[in-house]
Amino acid sequence: MAARFIGLAKRSLAEREFEELNELVMDWSIDRGNTTTVVRVARLFVANGVDKIRLTGGEPTVRPDLEDIIRRLRALPGLNDIAITTNGLTLHRNLESLQAAGLTHVNLSLIHISEPTRPRL
């Protein structure tokens, strides 16, 4: 089954436009600060055959409970992959602890990179 997305914060206008352009549909958007709901929604996804969850929305790495969320998701039987989509600006602060908690994939979003910087990539 395809990966499912859980939005951890309200999306910015830029993210909404990017998602609309790429026909990306968020499966579930959860207001900031509700760790229990994130895990509950993930449990429902996994119970219905989902084996990969990507945490997105706003910037997941600024959530103080991201490591706890990942650790709790890792404990769900049947969930093989846990990914985050990030702009990477703060990833260096906690990448190792997120990996230790169970993070398996990182998607770097380049949407916020300035136009003059893009040709150098």
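Reply: Here are the terms, each set against its definition.

This is a predicted model, where local features need pLDDT of at least 70, side-chain atom pairs count only at pLDDT 80 or more, and totals for chains, interfaces and linings use all residues. Residues are numbered from 1 along each chain as its sequence is written, and side-chain values use heavy atoms, with hydrogens and water left out.

Me: Which helix has the highest mean pLDDT, and which element the lowest?

Reply: pLDDT is the predictor's confidence in each residue, from 0 to 100. Helix H3 (residues 66-74) has the highest mean, 96. Helix H1 (residues 13-21) has the lowest, 44. Over residues 11-28 the pLDDT is below 50. Where pLDDT is low, the predicted coordinates should not be read in detail.

Me: Which residues of H3 are called buried?

Reply: Leu66, Ile69, Ile70 and Leu73. Buried means under 20% relative accessible area (1.4 Å probe, protein chains only).

Me: What makes them line one face of the helix?

Reply: Seen down the axis of H3, they fall within an arc of 95°, so they line one face. The arc is that of the directions from the helix axis to the C-beta atoms.

Me: Why are H3 and H4 called roughly parallel?

Reply: H3 and H4 pack at an angle of about 20°. Angles under 35 degrees count as roughly parallel. H3 and H4 are therefore roughly parallel. Their axes are 8 Å apart.

Me: Which residues make the contact?

Reply: Contact means heavy atoms within 4.5 Å. H3 gives Leu66, Glu67, Ile70, Arg71 and Arg74. H4 gives Ser97, Leu98 and Ala101.

Technical notes
Helices (H or I, at least four residues) and strands (E, at least two) are DSSP runs, numbered from the N terminus. Buried means under 20% relative accessible area, exposed over 50%, partly exposed in between (1.4 Å probe, protein chains only). Axes are lines fitted to C-alpha atoms, for helices over the stretch in contact, and angles run from 0 to 180 degrees between N-to-C directions. Angles under 35 degrees count as roughly parallel, over 145 as roughly antiparallel, 65 to 115 as roughly perpendicular and the rest as oblique.
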